[in-house]
Amino acid sequence: MITSFFPGRVRLRAPIFKETDLVEKALSILKTSDAVKNVETNPVTGSVLIEYNPAKVPMEKLLPMQDFFTNLAKEAQRFDGKADSRKKISDMLCELENIFA
């Protein structure tokens with residue numbers, strides 16, 4: 001899922017990123033963070049590039065979210081585009097929204 005990473009920039013690639021509605025929901029959550037500078041998506045390749053200010057994303061904030069993102073990655077790998085799968089991802093994004101709030 002993570003194809004490149006260094007502080008301030010992470011590129012993700014997965015078939016789920018071709019699902020415009022789910023990507024838009026995730027982007028709306030990410031954009032609420034003042035750490036996020038820019039987000040670029042490519043629905044054709046299923047790629048998302050997130051540029052952020054690493055000074056505003058301390059490791060002590062990220063570590064507690066590790067389990068959530070591990071579970072989200074597992075669901076993304078199982079994603080089949082069907083209603084149940086879409087709902088599961090959508091529900092997890094709502095959970096993420098609560099984490100960011």
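Me: Where does Ser-85 lie?
Reply: Ser-85 lies in helix H4, residues 83-100. Helices here are DSSP runs of H or I with at least four residues, strands are runs of E with at least two, and both are numbered from the N terminus. This is a predicted model, in which local features need pLDDT of at least 70 and side-chain atom pairs count only at pLDDT 80 or more, while totals for chains, interfaces and linings use all residues. Residues are numbered from 1 along each chain as its sequence is written, and side-chain values use heavy atoms, with hydrogens and water left out.

Me: Ser-85, buried or exposed?
Reply: Ser-85 counts as buried, at 13% relative accessibility. Buried means under 20% relative accessible area, exposed means over 50%, and partly exposed is in between (1.4 Å probe, protein chains only).

Me: What does Ser-85 touch?
Reply: Leaving aside residues up to four places away in sequence, Ser-85 touches Arg-78, Phe-79 and Asp-80. Contact means heavy atoms within 4.5 Å.

Me: Arg-78, then. Which side chain does Arg-78 meet in a salt bridge?
Reply: That of Glu-75, at 2.6 Å, N to O. A salt bridge is a side-chain nitrogen of Lys or Arg within 4 Å of a carboxyl oxygen of Asp or Glu. Glu-75 and Arg-78 are three residues apart in helix H3, so about one helical turn separates them. Glu-75 counts as buried at 15% relative accessibility, whereas Arg-78 counts as exposed at 54%.

Me: How many salt bridges does the structure hold?
Reply: Five. One of them joins the side chains of Asp-21 and Arg-86 at 2.4 Å, N to O. Asp-21 lies in helix H1 and Arg-86 in helix H4, so this pair ties together parts that are 65 residues apart in sequence. Asp-21 is partly exposed, with a relative accessible area of 45%.

Me: What about Lys-87 and Asp-91?
Reply: Their side chains also meet in a salt bridge, at 2.8 Å, N to O. Lys-87 and Asp-91 are four residues apart in helix H4, and about one helical turn separates them. Asp-91 is partly exposed, at 38% relative accessible area. Elsewhere, salt bridges that share partners join Glu-19, Asp-21 and Arg-86 into one network.

Me: New topic. How much space lies in the largest pocket?
Reply: About 1400 Å³. Of the 41 residues that line the largest pocket, Leu-30, Ile-50, Leu-62, Met-65 and Phe-69 are the closest to its centre. A pocket is an open set of points on a 1 Å grid over the protein atoms alone, where a 1.4 Å probe fits and protein lies on both sides within 12 Å along at least five of seven lines; lining residues have an atom within 4 Å of a point. The volume is the space filled by probe spheres set on the points, which are joined across faces, edges and corners.

Me: Which element gives the largest share of the lining?
Reply: H3, with six residues.

Me: And the lining by class?
Reply: The lining of the largest pocket has 34 nonpolar, four polar and three charged residues. Ala, Val, Leu, Ile, Met, Phe, Trp, Tyr, Cys and Pro count as nonpolar, Asp, Glu, Lys and Arg as charged, and the others, Gly among them, as polar.

Me: How many aromatic pairs in the whole structure?
Reply: One. Phe-68 and Phe-69 form an edge-to-face pair, 5.2 Å centre to centre with 80° between the planes. Rings of Phe, Tyr and Trp (its six-membered ring) pair if their centres lie within 6.5 Å; planes under 30 degrees apart count as stacked, over 60 as edge-to-face and the rest as tilted. Phe-68 is buried at 7% relative accessible area, and Phe-69 is partly exposed at 35%.
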